[in-house]
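Here is a short note for a colleague new to this model. Please keep the structure open while reading the points.

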Amino acid sequence: NKTQSYIPYTVSEVINLYHQALSDEDEKLADLILLGMHTGARIEELCSLMCKDIDLNELSIAFRDTKTEAGDRVIPIHSDIQEKVEDLLNHSTDDYLLSGLSKNKYGDRSNALGKRFGRMKEKLGFTTRQHGFHSIRKTFTTLLENAGVGENITADIIGHEKPRITYGLYSGGSTLETMREAIEKIHYKLT
């Protein structure tokens, strides 16, 4: 009775999800998908981002108080979303990057957006539990792997434990510039 894990979307499927959210005039959901496509972050990590977690001088995003210790990380802002991140910062009304989201009884801000994502992906024919928002994280990771990015750098970007003891136990982690070089290998043709 093994549970099946999420499977990645193809690049074209992720792009279709993004365009569908725009077509549905759900800009908040489109912004969430766009951020996920370029960071590989979990849905709650993105919905919990505070404006203070964005450093425009370093062009970085700090994920704090995440699901795991390795999940706490600072990653570069991908050049393709820099303008969107600045726009979200400038229009925030509640100190969150994705403002206007309410918390559920567990304090999660992603609940309503997650449900909207679920309805939208089903409308596009993704009816299995194996396709969810987390599948975008898998797409991002797959793209990094196929671009030749080392597993340790990818682990630092997406917030996973390093696979081996040498880097996992002794390394201070990849530099922001090393991670920037990695994520800049990924580009989606959104227009």
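Where is the place of D95? The points below start there.

1. **D95.** D95 sits in the loop between helix 4 (82–90) and helix 5. Helices here are DSSP runs of H or I with at least four residues, strands are runs of E with at least two, and both are numbered from the N terminus. Phi of D95 is near 75°, a positive value in a residue other than glycine. Most residues other than glycine have a negative phi. At 52% relative accessibility, D95 counts as exposed (buried is under 20% relative accessible area, exposed over 50%, partly exposed in between, with a 1.4 Å probe and protein chains only).

2. **Basis.** The model is predicted: local features need pLDDT of at least 70, side-chain atom pairs count only at pLDDT 80 or more, and totals for chains, interfaces and linings use all residues. Residues are numbered from 1 along each chain as its sequence is written, and side-chain values use heavy atoms, with hydrogens and water left out.

3. **L59.** L59 also needs a look. Its phi is positive, about 50°, although L59 is not a glycine. The residue lies in the loop between strand 1 (54–55) and strand 2 (60–63). L59 is partly exposed, with a relative accessible area of 23%.

4. **Helix 1 and helix 2.** The axes of helix 1 (residues 11–23) and helix 2 (residues 27–39) come within 8 Å and cross at roughly 160°. Axes are lines fitted to C-alpha atoms over the stretch in contact, and angles run from 0 to 180 degrees between N-to-C directions. That makes helix 1 roughly antiparallel to helix 2 (over 145 degrees). Helix 1 supplies V14, L17, Y18, A21 and L22 to the contact, and helix 2 supplies L29, A30, I33, L34 and M37 (heavy atoms within 4.5 Å). These residues divide into 10 nonpolar, no polar and no charged (Ala, Val, Leu, Ile, Met, Phe, Trp, Tyr, Cys and Pro count as nonpolar, Asp, Glu, Lys and Arg as charged, the others as polar).

5. **Aromatic pairs.** How many aromatic pairs does a search of the whole structure find? It finds two (ring centres within 6.5 Å; edge-to-face means planes over 60 degrees apart). Y9 and F126 pair edge-to-face, 5.1 Å centre to centre with 80° between the planes. Y9 lies in the segment before helix 1 and F126 in the loop between helix 5 (111–123) and helix 6 (134–146), so the pair ties together parts that are 117 residues apart in sequence. Y9 is buried at 3% relative accessibility, and F126 is buried at 11%.

Key: Angles under 35 degrees count as roughly parallel, over 145 as roughly antiparallel, 65 to 115 as roughly perpendicular and the rest as oblique. Rings of Phe, Tyr and Trp (its six-membered ring) pair if their centres lie within 6.5 Å; planes under 30 degrees apart count as stacked, over 60 as edge-to-face and the rest as tilted.
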